[in-house]
Each structure stands twice: as C-alpha cells, then as structure tokens.
There are 2 protein chains.
Amino acid sequence: MRDVAERAGVSIATVSFVVNNTKRVAPATRERIEAAMAELGFRRNVVARALASRRTHILAVAYPALQHRLGSTAMGFITSAASAASEHDYHLVLWPVDNDGGELSELMREGLVDGIVLMEVLLHDPRVDTLLSARMPFAMIGRTADPTGLAFVDIDFEVTVEKGLDHLQGLGHREIVFVSERPPSEAFRAYGAKVRAEAAFRRSCAERGLEPVIVECAQNAAGGRELAHELIEARPRTTAIMIMNEHAAFGVVSGLARRGVRVPTDLSLLSISTSSDMGATSDPVLSIMRSPGKELGRLGVELVIAQLEGNEPPGSRLLPCELEPGESTAPAPPSPPSPMIMNTS
Amino acid sequence: MRDVAERAGVSIATVSFVVNNTKRVAPATRERIEAAMAELGFRRNVVARALASRRTHILAVAYPALQHRLGSTAMGFITSAASAASEHDYHLVLWPVDNDGGELSELMREGLVDGIVLMEVLLHDPRVDTLLSARMPFAMIGRTADPTGLAFVDIDFEVTVEKGLDHLQGLGHREIVFVSERPPSEAFRAYGAKVRAEAAFRRSCAERGLEPVIVECAQNAAGGRELAHELIEARPRTTAIMIMNEHAAFGVVSGLARRGVRVPTDLSLLSISTSSDMGATSDPVLSIMRSPGKELGRLGVELVIAQLEGNEPPGSRLLPCELEPGESTAPAPPSPPSPMIMNTS
DNA sequence: CTGAAAGCGCTTACAG
DNA sequence: CTGAAAGCGCTTACAG
C-alpha cells in the first residue's frame, strides 16, 4: 500500500480511502491511485485490515461433523453460503466443532471470525448459550425450542408437511405412514427438524381425520429395507409413505420391491426435506419436497452480515420445501372393500 | 496479553514466549504466567499473531464447486482435512474457486492463507501454474500429467484397478466392462482420475488377455439406467461391470433390474473409488473399492504444513482403494456354450 | 479533499 | 532467563 501511495504521490490514508470507498476523494486523485494499484497488482492485506479495523470479514459455519454426517443437502447449503459470503466480501470457514459449546467458545476467543452460522440446531442447544454470552453475532439454520429474538432461517415444516399431505391425499391416499429418522445419539432426539416435522404430521393428520402413524428407522439403506418389511407385516393397508430420512429412502424402495410391493403402483413414496440430487439418484426417481438449501445458506449468511454491518436485519424466515413430483407417487390403488365401507354402502 | 503480563508481573514478550513455547522461560515465571492466563481466560489473538509473524495458520481447500459437485467422497475428504489441520493448530477454509486460476490468484494476494490444498486436479491444471509462480505452498489431491517435484497425494489407480480385476476374475468373470463418467464439461475430459483409471484398465486387461471395453455415462441415475439398457443390447455376454461413477451406479443396478438382469446373480457390479456410505445406500449393498478419502485429506494437509514449517516433507504418495465386498459381486454365471469353447473342447 | 500519526495485539531480533 | 522496542500493513479519528 505504501508502494501504491508513493507511486500515486499521495498518503497511504488516501489509498485506504479509495480501496474501501470510505471517504470522498477527488476524481483525479482516485484515478491516479487506481492506476497505481493496477500497475502494481495491488490487493490489500486482509490480515492487516482485520487487525486495524477489528473486523476479519470471516464467517464460520459450525457443523457438528463428528455427530452428524454432512449429506448432499447440507453440502448444497454450505457451497451456497460460501458464494453468498464471497459476494458480500466475506470468507467462509468450515468449523467441524463439537456439539457442546466448549470448543466453540475457545475458537471464538481467538478472534478469527466476525460471525457464525450454526447448523443442525437442537431444541436446547448449548452452543446458543455460548454464543449469546460471548455476544458473538450468529444465525441459526434451524431453530431452538424458543427462538424469539434470535436470527434464524429454517424450513417451514408445517407448510411442507401440509403440502405433502395435500399431494398424497389428492392422489386418493388415506393410509399414510410418516417415516422419521432414528437419532444417531441421545442429543439428536431433540433435533429441531425431526421434532417439528413429526409434530406437524400429527397435527395435520388430526385435522384431516387421518391416523397419524409415525415410525423411525436408521439413517441408511439397511434401515429403510428393514422398515419396509416391518411395515408390510404390521400395516399392510398403507398406500403411501412420507419419509424424512434421505439415506434410508432407497432402502425403503428396494425393501418393498423385494416383497413384491411396487413403487408407485402399489405404494407411493414422498421424500420430504431432501435434495433433487438425492431424489434423482433413486430409481424410480423420487417425488420429493425439495429442501430450500441454497436459499437457507444465502439467508443465513446475510442474517449474520446484517448484524455485523448494522443494517436493518432481513428478519428470520421460514421457507417451505417445494414439491418436485418424480416417479414415486401415483394415485392410490383401489382399496379392497373394507368392513367400514361395506357397512355404509 | 498485556493484562496477563501485568498480572504475572512480566513483560508481554515473556508471555509470548510461553504461549508459543518458543524460548526458555524459568519454571517459576512460566507457572505464574500460566496461572494468570487461566484466571483471565486468555486466548491469543490469531489475527495479531498472523500480522506479526506473517503466518496466518490458515489453509484453504480450493474446490471448483461450480464445475464439479461435491459428493460424499469429497466431503469425507474435507472433514478429515479439517480435523488434521486443527490438530496441527491450523484452520481450514473452503474456497469455492474457479477452475481457471484467475480467482485463485486474487485470493492468494489477500494474504489470508499460508497454503492451499487443490482438489479435482486436471492433467494440465492452470491453477498449478498460478500457485507455482506465486510461490504459494500447496499440495494436490490428485495430480497433473507430470507431477514431478510437486507435492501430491492421489489414488493409485493402477493397483486399484488391478485388485478390482483380481476380485472379478477370481470370481470367474472374463467379460468385464469399465463404466467411466461422461465429463460434465470439456475441461474435465482431462480430469486426472478418469484418464488414469481408464488407462490402468486398458493396460491390465491387455496383460490378462481380456478385451478392454470402456464406456461412459452421465453422472446420475438416469445415465446409469440408460447405459444398462444399451449394454444389454450391445454386449449381452458381459458378466461384470467395473464402474467409476458414483452417482450412476444406482441407475445401472435398477436399469438392469428393469430388463430382468439381476445383480449379482446374472451380472456383478464393482464400484471403484467410492465411499462406503455410497455403497451402503444401494440395494444390494455395492461391492466397492473404497476411496481412501480420510487418509488423502490428512496427508494433503500434512504435505502443506510440512512445507510451511520447513520439516522434512512426508513425500508424495499414492494410496490404493481397498476392496470392501458387498452384495453386488458374485461368481460368474455358467457361460452358455460359445463357439470358441466348443471348438477347443 | 488530503495527510500525519496513533494504534490494532501480537512476534522477534537485539541487548543485557 | 527477561525486557524494551521496532514493526507487521493496514484503519481511523483528528487536524488542516
């Protein structure tokens, strides 16, 4: 910067003003400085800027990588967050950080980051307390039990489940089972997404006069296969499954196939809160409720940046998943005459 | 740090020496300083350290996110790289960076990172030239056409393909097709992994007296399905497939199933350079050659750090994928009497 | 509209 | 074994 100043015949302060566009500078001066910068290939040192301005322009995504694997949905989130950050002149760091808040607290005090995006938020998340008491700006992807006053973006599970049920009911399904994920650890039993989706399913079924059947299975193909077999035994009249368990969906399809139950002819499958990628990897291509991962990533970053720059914050938001019909949902098969139907006819 | 120095009754220089363990300090003094640090909850400011020491202790993973999607294999790589970095007191930044080197060059001159890990390396990768001419320490995951003198870790495709063919031939297969990935763009035609795996297959088949059939398909289930159908028409005597195309493997299985070809009874499928995760998501669970993603991530980071700390570098390495038998490979079905067999019997 | 100067919180020769 | 001091490359009141 000193070189640039010398070459342009000004002080380094003035150079700083044009680099940051932070003060009026005479057009002629500005031009000379810009020319000098171009000739020297100047780029301001972000470390020095960080120390002087007390802003590193680095944001961290805290992800409990050890406790929760990073699926393709979460991945889409992170890359979109990184682009959003970069558009606003911020960098994004990935922090594989423990769930308990202790590690997070140490990292924060190093002064490397200006703000934090929290993923995989639990209903009572110790990391939130850590961040609050350190007065570290942050945004959650997901939300705690009571997120009042906190910045967050999350999936609108109420609307998502509602739309999903509309789709299935519109196809004539009435025996619908919700497949949730078996928590990989005790902590994840209170994982916000899981709890909220199940609650939404329960409520929406009640309103529709449907029986709210909810089952869990492990987060892999074997778990899905097992579940499929159990379901055929225990609830043979089921005609549709709504599943929120990306990694088990394949297993469900193939488990059904092994027992001669065809998707979607005999049974429809709707995978919610997932990525197109994941749906397209299946055969038949899954009908999905697409998780707004890209939007969540962008908004999460923008919520943090707004706090940092003192702009009016965009406000916390809930985004629904959008229906992306695939090949795994179809009209319900004609139901065999049930006792009830015979009574009323 | 000034507070710590005051409380311990020493100069900030001495505090710095114990924080960094960089100079002999009298045990008594050290103890007093450590006590003061604990009481004050001191953590050194990494930004100030970076500016003073001219080392940020930040490493970047440059990933062409726009051109190549981040699958579960690449993800495992990044999380393991992040842990390795963190063990060595480094941070890891994810840089979704363009393939052409221009963006990389700008980011480097900001002075944020000490070193770079390059992923998805092309045979003639412009980013390598950028890094070399900037004298930026880096390591490649993968390698250019001639990686002499460069730091890299890569999969040993020769050994991997060899082992894979051993497995299949050991099961009696002789009509083996290699399924490669259709490059998403022209640049990726010279993607190191693809080119090397195909070459290894060709060479190894020649040695074994097998016909080296190589086909390509798009990187998704639809591509795999399509390919399965074509294969049944064009090469009905195929009894085994070796595939290096994670996202298409499912499609191949289901495409075969639709035509009544069962895996592995009628046809074996071995997916190479992939993750257990990916294999387990399929049904049948795929037999795979597991990509050493975790080891590559760790080694890549350590190669960069060794350069930075001036240690004897670990040396570039090639790691083979390991066979992880699943349910998708089985003995070759008894071949129908072919003209050749009849002649020789 | 521009500049001189203090300061961000450390590290690191250098001196003692 | 310890300390005083310069300096890392910027930003930012403050003065003019």
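This is a predicted model: local features need pLDDT of at least 70, side-chain atom pairs count only at pLDDT 80 or more; totals for chains, interfaces and linings use all residues.
In general, an α-helix has 3.6 residues a turn, so residues three or four places apart point the same way.

At the start of helix 4 of chain A, a side-chain oxygen of A:Asn45 comes to within 2.7 Å of the backbone nitrogen of A:Val47. After the helix comes A:Arg54, with a positive phi near 60°.

Zooming out, chain A splits into domain 1 (2-44), domain 2 (58-155 + 293-320) and domain 3 (157-291 + 324-335). Taken over C-alpha atoms, the centres of domain 1 and domain 3 of chain A are 60 Å apart. UniProt, in an unreviewed entry, lists residues 1-53 of chain A as "domain: HTH lacI-type". Over residues 1-53, chain A is 72% helix and 0% strand, with 16 Å between the end C-alpha atoms.

Next, the interface as a whole. The size of an interface is often given as the accessible area lost when the parts come together. Here, about 3,800 Å² is buried between chain A and chain B, and carbon and sulfur atoms give 59% of that area. Which three residues supply more of the area that chain A buries against chain B than any other three? They are A:Arg43, A:Glu110 and A:Asp283, with 18% of it. In terms of contacts, 45 residues of chain A meet 45 residues of chain B.

A:Asp283 turns up again in the backbone geometry: a cis peptide bond joins A:Asp283 to A:Pro284, with omega at about 5°. A:Pro284 belongs to the loop between helix 12 (276-280) and strand 10 (287-290) of chain A. In chain B, the peptide bond from B:Asp283 to B:Pro284 is cis too, with omega near 5°, and B:Pro284 lies in the loop between helix 12 (276-280) and strand 10 (287-290) of that chain. As background, most residues other than glycine have a negative phi, and most peptide bonds are trans.

B:Glu120 has a positive phi near 55° and lies in the loop between strand 3 (115-118) and helix 7 (126-133) of chain B. B:Arg135 also has a positive phi, near 55°, and is found in the loop between helix 7 and strand 4 (138-141) of chain B. Are these two residues buried or exposed? B:Glu120 counts as buried because its relative accessibility is 10%, under the 20% cut-off. B:Arg135 counts as exposed because its relative accessibility is 75%, over the 50% cut-off.

A few individual residues of chain A round out the picture. A:Thr79, in helix 5 (residues 72-87), has a relative accessibility of 18% and so counts as buried. Its side chain reaches the backbone oxygen of A:Gly76 at 3.2 Å.

A:Gln169 sits in helix 8 (residues 157-170) of chain A and is partly exposed, with a relative accessible area of 24%. Leaving aside neighbours within four places in sequence, A:Gln169 is in contact with A:Arg174, A:Arg208 and A:Leu210.

Not counting residues up to four places away in sequence, A:Glu324 touches A:Ser276, A:Leu286, A:Ser287, A:Ile288 and A:Arg290. How many residues apart in sequence are A:Glu324 and A:Glu309, and how far apart are they in space? They are 15 residues apart in sequence and 37 Å apart from C-alpha to C-alpha.

Terms used
Residues are numbered from 1 along each chain as its sequence is written. Chains are lettered from A and ligands numbered from 1 in the order in which they are written. Side-chain values use heavy atoms; hydrogens and water are left out. A polar contact is a pair of N or O atoms within 3.5 Å; within protein, one must be able to donate a hydrogen and the other to accept it, and residues adjacent in sequence count only if both atoms are side-chain atoms. Helices (H or I, at least four residues) and strands (E, at least two) are DSSP runs, numbered from the N terminus. Domain bounds come from an automatic or database domain assignment. UniProt positions are given in the numbering used here, feature names are shortened, and annotations may be inferred rather than shown by experiment. Buried means under 20% relative accessible area, exposed over 50%, partly exposed in between (1.4 Å probe, protein chains only). Contact means heavy atoms within 4.5 Å. Buried area is the accessible area (1.4 Å probe) that two parts lose on being put together, summed over both.
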